[in-house]
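Hi everyone, thanks for making time today.

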Amino acid sequence: MSKFIQLHLLTSYPPSNVNRDDLGRPKTAMMGGFERLRISSQSLKRHWRTSDMFENALSDYIGTRTKRFGVQIYDVFIEKGVKEKSALEWASEIAKVFGKGKTASKENPRDVLLIEQLAHISPNEISDVMQLVDTLATENRAPEKEELALLKKQHRSVDIALFGRMLASSPEYDVEAACQVAHALSVHSVEVESDYFTAIDDLNTNTGDNRGSAHIDEGNFSAAVFYSYLCINKSLLIENLDGNEELANRAIQALTEAAAKVTPKGKQNSFASRAYASYIRAEIGEQQPRSLSVAFLKPVNGDNHIEEAIQRLEQQVDHFDKVYGKCYNDEGVINAFNGEGQFDKLREFVTR
């Protein structure tokens with residue numbers, strides 16, 4: 001079995017702002033002395049794991065990442081007729097299993113239901129919690145200590161298995177991520193542009209004082225061809241999924257499709273910047289993986305960015321292979337820019 005699966009993608013986005021910084025501008029990074037557009041790996045992973053295609057392929061095996069698990073537990077207790085004070089205490093006690101709880105205040109006594117940090121909880125852990133809640137509500141009692149052993153080392157949550165989880169209060173239940181995702185960077189230098197816009201009131205009669213716009217604002221955007229890189233350790237993924245290779249293969253195929261087709265949702269209504277990958281190179285093997293980002297250390301600067309980026313990427317593969325030898329046993333490529341290859345075959349290839 002091939003241990004590593006590497007995916008290299010080139011995706012062209014039209015004018016857009018899919019991933020914003022704290023000022024509302026497209027995220028950027030310096031590389032090779034030039035400013036590049038950036039889509040953070042956190043944004044990519046979030047949109048992949050919550051996408052419809054990921055849900056359709058793996059609906060019963062996707063975890064929940066939340067601070068509000070105690071609130072959900074509390075609501076179930078109340079629905080089952082448990083008194084509010086008991087529901088608050090019991091729900092808080094159960095939620096603390098998954099992370100340090102917040103301190104309640106007089107103004108917000110229900111803050112005690114919140115976990116301080118986002119906790120990634122697997123479906124079978126949630127199922128066990130709800131079974132315990134049903135038992136406690138039926139017997140009208142608080143949970144006993146042994147009943148609070150709800151965390152699981154072995155589970156079948158594909159997003160936890162792929163992207164890992166860290167539980168500061170229970171590190172023995174941490175999961176090492178089987179998939180590493182790089183920030184997507186533009187292969188060329190960019191300038192972020194400003195979009196001055198106005199909005200007109202539909203009831204504006206355009207007479208007297210009813211003239212001009214009802215709203216004036218400014219937005220930011222840019223366009224770019226992005227290089228994205230993923231590396232999946234299939235052996236670790238299978239281990240994280242308690243030895244279930246069939247589920248691991250489904251997860252890899254769903255992730256490959258999401259990486260190729262799912263666009264972050266930032267400003268989609270304003271820009272309709274949905275994009276499929278124009279080029280994907282998949283590599284499988286047991287050797288040490290490597291990114292191909294160095295191909296774009298010098299910015300692409302021609303009149304056909306996607307074509308030159310593909311040439312740069314393939315040339316860098318050849319150069320690495322000549323110097324180090326191949327770091328993969330086999331490769332699969334699709335080039336939608338030239339109409340070469342079939343995505344369905346690539347999906348099959350990555351789990352071969």
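Let's start with Ser273: is this residue buried or exposed? Its relative accessibility is 0%, and buried means under 20%, so Ser273 counts as buried. Keep in mind that this is a predicted model.

Okay, on to charges. Side chains of opposite charge can pair when their charged atoms come close. In this model, the count is 15 salt bridges. Let me show you some of them.

Take Arg49 and Asp159, whose side chains form a salt bridge at 3.0 Å, N to O. Arg49 sits in helix H1 (residues 41-49) and Asp159 in helix H6 (residues 158-163), so this pair links distant parts of the chain, 110 residues apart. Arg49 is buried, at 9% relative accessibility, and Asp159 is buried too, at 0%.

Next, Asp128 and Lys152 meet in a salt bridge at 2.8 Å, N to O. Asp128 is in helix H5 (residues 123-139) while Lys152 is in the loop between H5 and H6, so the pair ties together parts 24 residues apart in sequence. Here Asp128 is partly exposed, at 25%, and Lys152 is partly exposed as well, at 26%.

Last stop: Glu283 and Arg281 form a salt bridge, with their closest N and O atoms 2.6 Å apart. Both residues, Glu283 and Arg281, are buried. They also belong to a salt-bridge network that links Arg281, Glu283, Arg290 and Glu331.

Terms used. Residues are numbered from 1 along each chain as its sequence is written. This is a predicted model: local features need pLDDT of at least 70, side-chain atom pairs count only at pLDDT 80 or more; totals for chains, interfaces and linings use all residues. Side-chain values use heavy atoms; hydrogens and water are left out. Buried means under 20% relative accessible area, exposed over 50%, partly exposed in between (1.4 Å probe, protein chains only). A salt bridge is a side-chain nitrogen of Lys or Arg within 4 Å of a carboxyl oxygen of Asp or Glu. Helices (H or I, at least four residues) and strands (E, at least two) are DSSP runs, numbered from the N terminus.
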